[in-house]
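How are the two copies of a chain arranged, and what lies between them?

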Number of protein chains: 2
Amino acid sequence: MLSETDKKHLRVAYDEAKAGYDEGGCPIGSVLARGDTVVSQGRNQRVQQGDPIAHGEMDALRKAGRQKTYKDTTLYTSLSPCMMCTGTIIQFGIPRVVIGENKTFGGNEDFLRSKGVEVIVADDPDCIALMTRFIEEKPELWNEDIAED
Amino acid sequence: MLSETDKKHLRVAYDEAKAGYDEGGCPIGSVLARGDTVVSQGRNQRVQQGDPIAHGEMDALRKAGRQKTYKDTTLYTSLSPCMMCTGTIIQFGIPRVVIGENKTFGGNEDFLRSKGVEVIVADDPDCIALMTRFIEEKPELWNEDIAED
């Protein structure tokens with residue numbers, strides 16, 4: 001279940017995604033939070049920085065810098081994590097992930113759960129609408145970002 | 001089996017690892033290659049840039065920039081990939097990974113193979129010696145890099 005804190009942090013992830021859309025990038029945003037505190041926030045930087053590893057989640061984790069532990073954190077992402085970001089969540093020991101939506105992309109939720117990660121899908125209408133619009137407008141960019149032909 | 005090209009590229013990955021050691025960082029290096037051509041080379045940047053997502057493989061993939069496809073590439077890494085880098089290899093559709101060694105760290109080789117990735121372990125004495133020395137000298141840094149307590 002989404003708490004009020006979850007809703008607030010997920011909205012920041014959405015705002016990052018929207019900023020990415022406005023920049024002409026892939027509109028996926030993310031927040032790393034420790035309870036009520038935002039540790040870092042980021043967004044996909046494929047277009048903006050020409051960086052293929054900077055998915056939203058990765059950009060947030062990079063901006064967080066070196067952390068003593070991730071065991072007390074939650075990762076918020078506007079879109080369901082790909083295998084890169086899924087592997088990173090597992091490797092970093094992030095115990096809880098709140099996903100804006102997995103209607104337009106997804107599939108790694110059960111793998112995360114099998115590794116002990118709590119996964120909550122918000123089914124957020126704004127997240128769904130933003131990704132749907134992006135995929136319609138820039139299918140080549142989206143396919144590049146998920147390495148699909 | 002390692003080809004002569006493989007041996008050459010793996011040596012560049014080792015040289016990157018050694019340069020990381022000399023900088024006081026985590027000594028893990030990587031090369032992305034397309035046949036005989038080095039597309040990019042990188043090394044772990046946790047200490048140097050304070051960047052927790054920049055494992056050797058990730059740094060090489062970042063430096064390669066946006067690629068049309070990874071299907072014709074091989075990723076070389078001085079050390080067996082963690083779950084972040086493993087997920088990235090799968091997500092990017094990299095079909096072949098040459099690993100310097102998996103004596104000091106490993107465990108994701110079979111998962112990579114289950115996803116259709118060809119995995120070759122070179123058992124390289126220089127790679128083993130460098131990581132062994134590093135882990136002995138800086139166990140806290142190493143544990144931080146692999147998110148172990």
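**Symmetry and interface of chains A and B**

Chain A is superposed on chain B by a rotation of 180° with 0.0 Å of shift along its axis, at an RMSD of 0.0 Å (least squares on the C-alpha atoms of residues with pLDDT of at least 70 in both copies). The two copies are therefore related as by a two-fold rotation axis. In chain A, the C-alpha nearest this axis belongs to A:Gly87, 2.4 Å from it, and the same surface serves both copies, since 100% of the contact residues of chain A recur in chain B.

This is a predicted model, in which local features need pLDDT of at least 70 and side-chain atom pairs count only at pLDDT 80 or more, whereas totals for chains, interfaces and linings use all residues. Residues are numbered from 1 along each chain as its sequence is written, chains are lettered from A and ligands numbered from 1 in the order in which they are written, and side-chain values use heavy atoms, with hydrogens and water left out.

Across the interface, 27 residues of chain A are in contact with 27 residues of chain B (heavy atoms within 4.5 Å). Together the chains bury about 2,500 Å², 61% of it on carbon and sulfur atoms (accessible area, 1.4 Å probe, lost on being put together and summed over both parts). Four salt bridges are counted between chain A and chain B (a side-chain nitrogen of Lys or Arg within 4 Å of a carboxyl oxygen of Asp or Glu), and the side chains of A:Asp51 and B:Arg62 meet in a salt bridge at 3.5 Å, N to O.

How values were computed:
Buried area = accessible area lost by both parts, 1.4 Å probe.
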